[in-house]
Amino acid sequence: MISIAALLVASPLLSKVLVWPRTEFFTELYVLGSNQTAEDYPFNLSSGESYGISLGLGNHLGYCAYYLVEVKFRNESQSAPTSFGPVEDRLPSSLPSLYNVTAFVADESVWQVPVSFGFDYGYNNSLLRVDFHSLTFNGNVSSFAEGESTTWNTTTSRFYGDLMFELWRFNSSSNGFRYDGNFVDLKLNMTVS
Amino acid sequence: MKTTLVVMVLLAVLASGGSVAVCHGLSEADARAAVANADLRVSFCYSAVADAEKAGANVSGLLVTLNAAGVLLSEAHLALINGSFDSASTSAGECVTKLDGFDSAANSLRDSASQAKLMDFWLNVVGSGVGAVAIVAGGFSVWWYLKRKQSVIEGDA
């Protein structure tokens with residue numbers, strides 16, 4: 001009887017002491033299609049058209065985090081980020097960021113926003129290549145560097161494009177952002193008429 | 001006279017060209033300074049929120065404001081890259097304005113959370129622990145007292 005009473009009185013203390021410790025600390029980074037599901041991703045793109053997806057982050061780091069998602073675009077021959085091996089050894093793409101998405105996410109919370117994007121590009125018939133002019137991301141226009149293009153891939157029969165979302169995280173001690181070793185991308189086919 | 005006039009016109013053109021260049025330089029420098037200031041302000045506010053969260057505060061309301069400021073900061077950075085210095089300055093300024101009074105709100109939230117945490121500690125950790133020990137000690141005392149009384153009665157018999 002006394003043991004039961006003691007246990008009842010001690011239960012608030014026990015609920016604080018007997019907590020399973022968290023051992024895994026990570027961030028989820030994901031892209032969903034237009035229906036908020038992991039399908040119906042844009043693939044065949046046309047110049048001047050706008051496409052919708054959702055970009056999401058899940059924070060499981062144990063504290064409120066300050067993220068930066070760098071939006072980059074590459075063709076088949078350009079540098080891609082890495083997301084395997086030890087985090088310290090993973091590298092971001094060397095390409096410049098076309099747009100930065102800033103996000104603050106509380107611990108054990110999910111942040112998700114609708115994103116619209118579209119490309120303005122032209123087809124160079126003589127060189128059999130697509131020349132990129134600009135990316136419109138959430139209504140903001142960002143120009144590509146001069147000469148940014150992709151050539152016809154005879155194996156896959158498409159003009160390859162890769163829209164990448166690199167995850168960077170603010171480090172309070174260094175007062176700067178570091179590549180989190182995480183990225184997602186959308187493989188695209190730039191169609192021409 | 002003619003030569004003097006030509007020299008004066010040339011000087012005026014050079015002076016105006018110079019001032020245009022200086023104005024343009026200042027505008028870019030101003031934009032970069034404004035964006036850097038906004039960057040600093042956002043990271044400072046983030047630290048305030050992180051501290052408040054560490055103290056146990058519910059920071060969801062603060063994060064909504066911080067995310068809205070983050071959108072403006074992203075626009076400022078993009079404008080800077082695209083060379084739209086006025087737009088960059090404007091967005092950076094709006095970002096900083098959005099965070100007016102933010103750190104004091106975060107600090108006040110942190111302080112109330114710290115007080116609540118302290119109260120929670122006294123009530124749920126110390127109170128609960130002391131209560132449990134008191135129940136066990138009290139139970140043992142009663143048991144010891146009853147046992148002693150029983151042995152006295154048995155001794156008398």
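1. Helix H2 (residues 60-81) of chain B packs on H3(B) at an angle of about 165°, with the axes 8 Å apart; axes are lines fitted to C-alpha atoms, for helices over the stretch in contact, and angles run from 0 to 180 degrees between N-to-C directions. H2(B) and H3(B) are therefore roughly antiparallel to each other (angles over 145 degrees count as such). The crossing of H2(B) past H3(B) is left-handed, a term used if the near helix is turned anticlockwise from the far one by less than a right angle.

2. A word on the basis: this is a predicted model, where local features need pLDDT of at least 70 and side-chain atom pairs count only at pLDDT 80 or more, while totals for chains, interfaces and linings use all residues. Residues are numbered from 1 along each chain as its sequence is written, and chains are lettered from A in the order in which they are written.

3. Which residues of H2(B) and H3(B) make the contact? Among them are B:Ala68, B:Leu72 and B:Ala76 of H2(B), and B:Ala88, B:Ala92 and B:Cys95 of H3(B) (contact: C-beta atoms, placed from the backbone, within 7 Å). By class, this contact has 10 nonpolar, three polar and three charged residues; Ala, Val, Leu, Ile, Met, Phe, Trp, Tyr, Cys and Pro count as nonpolar, Asp, Glu, Lys and Arg as charged, and the others, Gly among them, as polar.

4. H3(B) covers residues 85-98 and reaches 20 Å from its first C-alpha to its last, close to the 20 Å expected at 1.5 Å a residue (1.5 Å times one less than the number of residues). Its buried residues include B:Ala88, B:Ala92 and B:Cys95; buried means that 20 or more other C-beta atoms lie within 10 Å of the residue's own.

5. Chain B has four helices and zero strands, helices being DSSP runs (H or I) of at least four residues and strands runs (E) of at least two. Buried residues make up 29% of its 157 residues.

6. Now look across the chains. The contact takes 25 residues from chain A and 29 residues from chain B. H1(A) gives the most to the chain A side, with eight residues.

7. The axes of H1(A) and helix H4 (residues 102-156) of chain B come within 8 Å and cross at roughly 165°. H1(A) and H4(B) are therefore roughly antiparallel to each other, and their crossing is left-handed.

Technical notes
Contact = placed C-beta atoms within 7 Å. Buried ≥ 20, exposed ≤ 12 C-beta atoms within 10 Å, placed from the backbone. Parallel < 35°, antiparallel > 145°, perpendicular 65-115°, else oblique.
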